Amino acid sequence: MIPIRHLAGKEVALFGLGGSGLVTARALEAGGARVDVWDDNEASVATAEEYGLAAIDLREADMSRYAALVVAPGVPLTHPTPHWSVERARQAGIPVIGDVELFVNEREAVCPEAPFVAITGTNGKSTTTALISHVLKECGMDVQMGGNIGRPVLDLEEFSEDRVYVVEVSSYQIDLAPSLVPDIGVMMNLSPDHLDRHGNMENYASIKERIVKAARLAVVGVDDEFSAAIAQRRAESGEPVELISCLGPVEFGVYAEDGKVFEVFDEEQVVVADLSSSNTLRGSHNGQNASAAVAVCAALGLELDEIAAALATFPGLAHRLMLVAEAGKVLFVNDSKATNAEAAAHGLAAFDRIYWIAGGRPKAGGISSLKAYFPKIVKAYLIGEAAEEFEQELSGSVEAHKFGSLDMAVEAAARDAARDKSKEAVVLLSPACASFDQFKSFEVRGDAFERAAVAAAKMLNGEGAR
């Protein structure tokens with residue numbers, strides 16, 4: 001845990017008592033602050049009290065006595081309307097912040113020399129965060145990884161100049177961290193997402209841009225219009241920037257093409273790594289992820305040959321194009337983290353003969369943007385609330401069937417894939433939907449797929465492709 005000592009002796013209000021909220025409250029108390037906590041969920045308040053935290057209904061508290069209101073990332077600041085706790089804090093004139101703001105201020109106060117890498121983007125940020133952490137660890141560095149991935153950021157080990165902090169940050173977290181100044185800020189890509197929270201695409205992009213605007217080194221993707229504009233503004237400012245791409249050469253930085261990663265420096269380029277035979281970094285989108293990792297790790301002092309060796313041992317990120325079972329030529333790939341069409345496109349682009357399991361709670365736009373990948377899909381197996389909608393969108397292009405459960409869809413897809421005459425057939429869970437209609441989270445959905453895939457692989461290995 002990172003004790004928040006820079007608020008020692010002060011009173012702090014905290015709203016939102018999920019996993020990161022409890023950690024944040026304890027970190028504040030460990031640093032000497034007095035904390036009053038609250039949540040709209042009575043069970044969460046009861047849990048906090050079991051931890052010995054002081055629970056006070058912040059609707060009735062004198063907010064002016066607090067140094068700050070710390071809120072969970074999911075608490076809305078502006079859209080669709082500000083949360084009542086945010087309104088009360090603003091009326092009292094106190095700042096509204098999140099755990100990442102506490103993290104960056106504590107680092108600045110006690111150990112600004114601790115290397116800090118912050119990664120964001122609409123898609124790919126979790127894989128990139130995990131990949132950077134993996135490479136640094138493989139090369140002997142002491143790495144702390146957390147934030148929007150895995151451990152809450154204040155649950156990491158205390159600051160040390162010998163530790164590298166690799167932190168994934170969402171737009172929600174950036175919005176609550178006005179002092180965010182990483183050593184290296186990574187902006188992967190931008191596409192419409194969370195617009196219900198940010199109002200429109202321009203607001204969303206401007207919030208994301210904060211991570212690179214103040215960074216000492218910016219690493220910015222240039223494969224979409226909004227990110228390319230951010231990269232151009234950074235370059236025009238004269239501040240250090242590295243460009244990354246999975247669509248071809250960049251003027252300076254790192255790019256991926258035809259399964260290889262290249263570094264461009266002083267108008268010369270060198271091949272850093274060949275990803276063409278990698279199961280865990282397959283697909284052009286992983287070329288962008290690997291490009292970001294190369295740029296960051298080289299900036300932190302690693303040699304290109306040791307970076308390449310570490311890339312080759314990356315085990316992959318759970319629920320993101322993760323190979324979970326095999327039965328001869330049939331691969332079972334868990335891409336449950338693909339909760340929108342943009343993310344699902346990466347999975348569909350990575351394979352040629354796909355038995356696609358999709359569906360859940362649909363997002364705006366459906367799967368119309370995926371039409372270019374329909375020729376790769378042999379058959380679709382649709383689940384959840386989106387099944388009817390997706391069936392209509394696939395009509396005339398892809399044979400599709402609806403199933404009442406994920407288990408049923410996996411078994412049917414496995415049997416069909418086993419009869420495929422090609423060299424490789426892939427049963428791919430890449431839902432293009434949120435999980436909340438049938439599962440608590442995409443992780444729970446992915447775990448359910450993995451269990452069903454293992455059972456289906458055993459079935460095929462036992463009976464063959466009949």
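Leaving aside neighbours within four places in sequence, Glu-29 is in contact with Val-35 and Leu-53, where contact means heavy atoms within 4.5 Å. The model is a predicted one, in which local features need pLDDT of at least 70 and side-chain atom pairs count only at pLDDT 80 or more, while totals for chains, interfaces and linings use all residues. Residues are numbered from 1 along each chain as its sequence is written, and side-chain values use heavy atoms, with hydrogens and water left out.

Glu-29 belongs to helix H1, which covers residues 19–30. Helices (H or I, at least four residues) and strands (E, at least two) are DSSP runs, numbered from the N terminus. Glu-29 counts as partly exposed because its relative accessibility is 34%; buried means under 20% relative accessible area, exposed over 50%, and partly exposed in between, with a 1.4 Å probe and protein chains only. Between Glu-29 and Val-12 there are 9.5 Å in space, C-alpha to C-alpha, and the two are 17 residues apart in sequence.

Helix H1 also holds Leu-28. With a relative accessible area of 0%, Leu-28 is buried. Not counting residues up to four places away in sequence, Leu-28 touches Ile-4, Leu-7, Val-12, Leu-14, Ala-33, Val-35, Val-70 and Leu-102. Leu-154 lies 126 residues away from Leu-28 along the chain, yet their C-alpha atoms are separated by 9.5 Å.

Next comes helix H2, residues 42–50, where Ser-44 is found. Ser-44 has a relative accessible area of 19% and is therefore buried. Its contacts, again without residues up to four places away in sequence, are Leu-17 and Asp-39.

Attention now turns to an annotated stretch of the chain. In an unreviewed entry, UniProt lists Gly-121, Thr-122, Asn-123, Gly-124, Lys-125, Ser-126 and Thr-127 under "binding site". UniProt positions are given in the numbering used here, feature names are shortened, and annotations may be inferred rather than shown by experiment. One of the listed residues, Thr-122, sits in the loop between strand S6 (116–120) and helix H5. Thr-122 counts as buried, at 6% relative accessibility. Another, Lys-125, is placed in helix H5 and is likewise buried, at 12% relative accessibility. Beyond residues up to four places away in sequence, Lys-125 touches Ile-119, Thr-120, Asn-148, Glu-168, Val-169, Ser-170, Met-188 and Lys-208.

Helix H5 also takes part in helix packing. The axes of H5 (residues 125–138) and H10 (residues 284–299) come within 9 Å and cross at roughly 45°. Axes are lines fitted to C-alpha atoms, for helices over the stretch in contact, and angles run from 0 to 180 degrees between N-to-C directions. H5 and H10 are therefore oblique to each other, given that angles under 35 degrees count as roughly parallel, over 145 as roughly antiparallel, 65 to 115 as roughly perpendicular and the rest as oblique. The crossing of H5 and H10 is right-handed; a crossing is right-handed if the near helix is turned clockwise from the far one by less than a right angle, and left-handed if anticlockwise. On the H5 side, Thr-127, Thr-128, Leu-131, Ile-132, Val-135 and Leu-136 meet Asn-286, Asn-289, Ala-290, Ala-292, Ala-293, Val-296 and Cys-297 of H10. The residues of this contact between H5 and H10 divide into nine nonpolar, four polar and no charged. Here Ala, Val, Leu, Ile, Met, Phe, Trp, Tyr, Cys and Pro count as nonpolar, Asp, Glu, Lys and Arg as charged, and the others, Gly among them, as polar.

A further partner of H10 is helix H11 (residues 304–311), with axes that come within 10 Å and cross at roughly 135°. That angle makes H10 oblique to H11, and the crossing is right-handed. Val-294, Cys-297 and Ala-298 in H10 meet Leu-304, Ile-307 and Leu-311 in H11. This contact of H10 with H11 consists of six nonpolar, no polar and no charged residues.

H5 and H11 meet as well: their axes come within 9 Å and cross at roughly 115°, in a right-handed crossing. Leu-131, His-134, Val-135 and Glu-138 of H5 meet Ile-307, Ala-310 and Leu-311 of H11. Five nonpolar residues, one polar and one charged make up the contact of H5 with H11.

Finally, an unreviewed UniProt entry lists residues 319–433 as "domain: Mur ligase C-terminal". This span is 27% helix and 29% strand, and its end C-alpha atoms lie 14 Å apart.
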